[in-house]
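Hi,

Here is the structure for your next look. Please open it first, then read my notes below.

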Amino acid sequence: MNSMNIKRNILLNPGPATTTDTVKMAQVVPDICPREKEFQNVIKLIRSELVRIVHGDLDEYTAVLFCGSGTICMDAALNSLLDEGKKALVINNGSYSQRACDIVNYYGLPLIEVKQSIDRLPDLSVIEKVLKNNPDIGYVYMTHHETGTGLLNPIREVGALAHNYGAFFITDTTSSYAMIPINVYEDNIDFCMASAQKGIMGMTGLSYIIGKRNIIEESRKYPKHSYYCNLYMQYDFFEKSGEMHFTPPVQAVYAAKQALTEYWDEGEDAKWERHQRIMKAIHAGEDELGLKEALDRNIQSGLVSAIRYPDDPKWDFEKVHDYCYERGFTIYPGKIDTKKTFRLCALGAINEQDIMKFFITLKEAFQETGVTVPAIYKE
Ligand SMILES: *Cc1c(COP(=O)(O)O)cnc(C)c1O
């Protein structure tokens, strides 16, 4: 069984991403109890491959899997890695770092929030000043790629700052991992995280934290705030038994195994180059239709473009969305409170030809719904 006649949709939303047929098919396996050795071997392979993607040494770094969407990793990292008497520092410059602040607040943990503009690079001197004035900061948390806007944050510099002041560095790489090359040593990362439906182009339901073993082991004595989402407990169970603490998403695990094989077949650099070619095609399409973005291109990740709604009385996102959706292309609403935007993302098993075809459809959608081309903007 290696093919099925399944419609290929081009997902331009920020995950789940378009998958290959071989990854879809990898889910169709004989029923198996996840306690079997055969399944444990798959888990073991996946855990080491996930560390290898970010160039970690397996003696120093490990991958801890969770059954859940990407937010489960944010939750587990934020609530598990704070020692008694320590504070969390979150750099908040977008909707995903806002989510991180919400999580820390939800657990009632001490939070220092460094709020920064969502459409500019953060001011490192502000972050340094906060670190200098607060010697009790346990970890610094930053979103690598703010998926709401497409902003790429300077994790290497912020990780170095965190380490200079004796704090761990946690970064949410959910929408950059296995797309933008990441090296845990060069990028000063103690913990990063991702979800199988994004960078590796697998299925939803499997997410992972990749981080330093010695810190996880030390966190054994930190106060516990969650039973299901505790990093040490999940790690410890894997180490002792080779199994996930509770029932894993079996089929998503098999899909991830196949997706990782395809990741290495394509190659780290070639994959990143493909994502960049896709974004180049997205930018060219936008320019042709006169569409404007929320962010300067020089601070964009190369993976998400947030397009401002045209100031055109005929503009109707739902209508444009539906026209494209019926033709196999999914576009996605934005995540910026102050500006109406929609997003086009360069994730998944797609290429620049798909984007060119998409822009033909988008142009038709504009004509069909009466939106003026080139797009009208008042400012
Ligand atoms: C997708 C994403 C997440 C996780 O979102 P889920 O909906 O829980 O999968 C977390 N952080 C970032 C930056 C993301 O892009």
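I start with the second largest cavity. Its lining is made up of Ile53, Val54, Tyr177, Ala178, Met179, Ile180, Pro181, Ile182, Tyr263 and Glu268. By class, that lining has nine nonpolar residues, one charged and no polar. The space inside comes to about 40 Å³. Keep in mind that this is a predicted model.

How many cavities of 30 Å³ or more does the structure hold? There are two. The largest cavity has about 60 Å³ of space. Phe66, Cys67, Tyr228, Gln234, Met244, Phe246 and Thr247 line the largest cavity. That lining splits into five nonpolar and two polar residues, with no charged ones.

Now to a separate point, arginine 308. This residue sits in strand E11, which covers residues 304-308. Arginine 308 is buried, yet has no salt bridge. Which side chain of opposite charge is nearest to arginine 308? That is aspartate 311, and the distance is 4.8 Å.

Leaving out residues up to four places away in sequence, arginine 308 touches Lys292, Glu293, Ala294, Lys339, Lys340, Thr341, Tyr377 and Glu379.

Best wishes

Note on methods: Residues are numbered from 1 along each chain as its sequence is written. This is a predicted model: local features need pLDDT of at least 70, side-chain atom pairs count only at pLDDT 80 or more; totals for chains, interfaces and linings use all residues. Side-chain values use heavy atoms; hydrogens and water are left out. Helices (H or I, at least four residues) and strands (E, at least two) are DSSP runs, numbered from the N terminus. Buried means under 20% relative accessible area, exposed over 50%, partly exposed in between (1.4 Å probe, protein chains only). Lys and Arg count as positive and Asp and Glu as negative; His and the chain ends are not counted. A salt bridge is a side-chain nitrogen of Lys or Arg within 4 Å of a carboxyl oxygen of Asp or Glu. Contact means heavy atoms within 4.5 Å. On a 1 Å grid over the protein atoms alone, a cavity is a set of points where a 1.4 Å probe fits but cannot get out, and a pocket is an open set with protein on both sides within 12 Å along at least five of seven lines; lining residues have an atom within 4 Å of a point. Grid points are joined across faces, edges and corners, and a volume is the space filled by probe spheres set on the points. Ala, Val, Leu, Ile, Met, Phe, Trp, Tyr, Cys and Pro count as nonpolar, Asp, Glu, Lys and Arg as charged, and the others, Gly among them, as polar.
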